[in-house]
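This report goes through one protein model, from its overall make-up to a few of its side chains. Keep the sequence and the structure in view while reading.

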Amino acid sequence: IFLLLIGAVSASENCPFLKTYEINKQRNLQARFLANGNDGGTVPAGGFAAVQEDIKAVLVNSTSFWPADFGNYGPFMIRLAWHCSGS
């Protein structure tokens, strides 16, 4: 009976030590990120319009070894997001 009870309990949901470990792991990552001078809020050179233009350029840059559908990777990215969502 003891083994049946253990099997029914998910370690990631009910273990207080695992939760503490995950919280501390996230705090350590944040501390290292901030210690490097990255505040997470810096605007890239050229502003966000430059980032948008770079994304547009990548989406329409079809390669011969992996051709895009109708010259655009946009539909592929939507399909990839669909599958990653578990649908």
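## Overall make-up

The model is predicted. The protein has five helices and zero strands, and from the N terminus its elements follow the order α-α-α-α-α.

The protein has 87 residues, and 5% of them count as buried.

## Confidence

The average pLDDT of the protein is 75, and 67% of the residues score at least 70. Where is confidence lowest, and where is it highest? The lowest mean, 46, belongs to helix α1 (residues 2–8), while the highest, 90, belongs to α5.

Residues 1–8 have a pLDDT below 50. Beyond near neighbours in sequence, this stretch makes zero contacts in the model.

## Aromatic rings

Rings are paired here if their centres lie within 6.5 Å. By that rule there are two aromatic pairs. In one of them, the ring centres of Trp66 and Tyr73 are 5.8 Å apart; the planes stand at 55°, so this pair is tilted. The reason is that tilted covers the angles left between stacked, under 30 degrees, and edge-to-face, over 60.

Trp66 also pairs with Phe76. Here the centres are 5.2 Å apart and the planes are at 85°, so the pair is edge-to-face. This pair links distant parts of the chain: Trp66 lies in the loop between α4 (47–59) and α5 (74–84), and Phe76 lies in helix α5, 10 residues apart from Trp66. Trp66, Tyr73 and Phe76 form one aromatic cluster.

Trp66 has 46% relative accessibility, so Trp66 counts as partly exposed.

Side chains of opposite charge can pair when their charged atoms come close. How many salt bridges does a search of the whole structure find? The search finds one. It joins the side chains of Lys56 and Glu53, with a distance of 3.7 Å from N to O, and the cut-off for such a bridge is within 4 Å.

Lys56 and Glu53 are three residues apart in helix α4, so about one helical turn separates them. Lys56 is partly exposed, with a relative accessible area of 44%. Glu53 is partly exposed as well, at 44% relative accessibility.

A nonpolar patch on the surface is formed by Phe48, Val51 and Ile55. Together these residues have about 290 Å² of accessible area. Val51 is placed in helix α4. With a relative accessible area of 34%, Val51 is partly exposed, and a residue needs over 30% to be part of a patch.

## A loop residue with positive phi

Phe70 is located in the loop between α4 and α5. What is the phi of Phe70? The angle is near 55°, a positive value in a residue other than glycine.

The relative accessible area of Phe70 is 90%, so Phe70 is exposed. The limit for that class is over 50%.

Conventions. Residues numbered from 1 in each chain as written. Predicted model: local features only at pLDDT ≥ 70, side-chain atom pairs only at ≥ 80, totals over all residues. Heavy atoms only, no water. Phe/Tyr/Trp six-rings, centres within 6.5 Å; stacked < 30°, edge-to-face > 60°. Buried < 20%, exposed > 50% of the residue type's maximum accessible area, 1.4 Å probe, protein only. Helix = DSSP H or I, 4+ residues; strand = E, 2+ residues; numbered from the N terminus. Patch = residues over 30% accessible without salt bridge, like charges linked within 9 Å, V, L, I, M, F, W, Y side chains within 5 Å. Areas by Shrake-Rupley, 256 points an atom, 1.4 Å probe, with all protein chains shown as cover. pLDDT = per-residue confidence, 0-100. Contact = heavy atoms within 4.5 Å.
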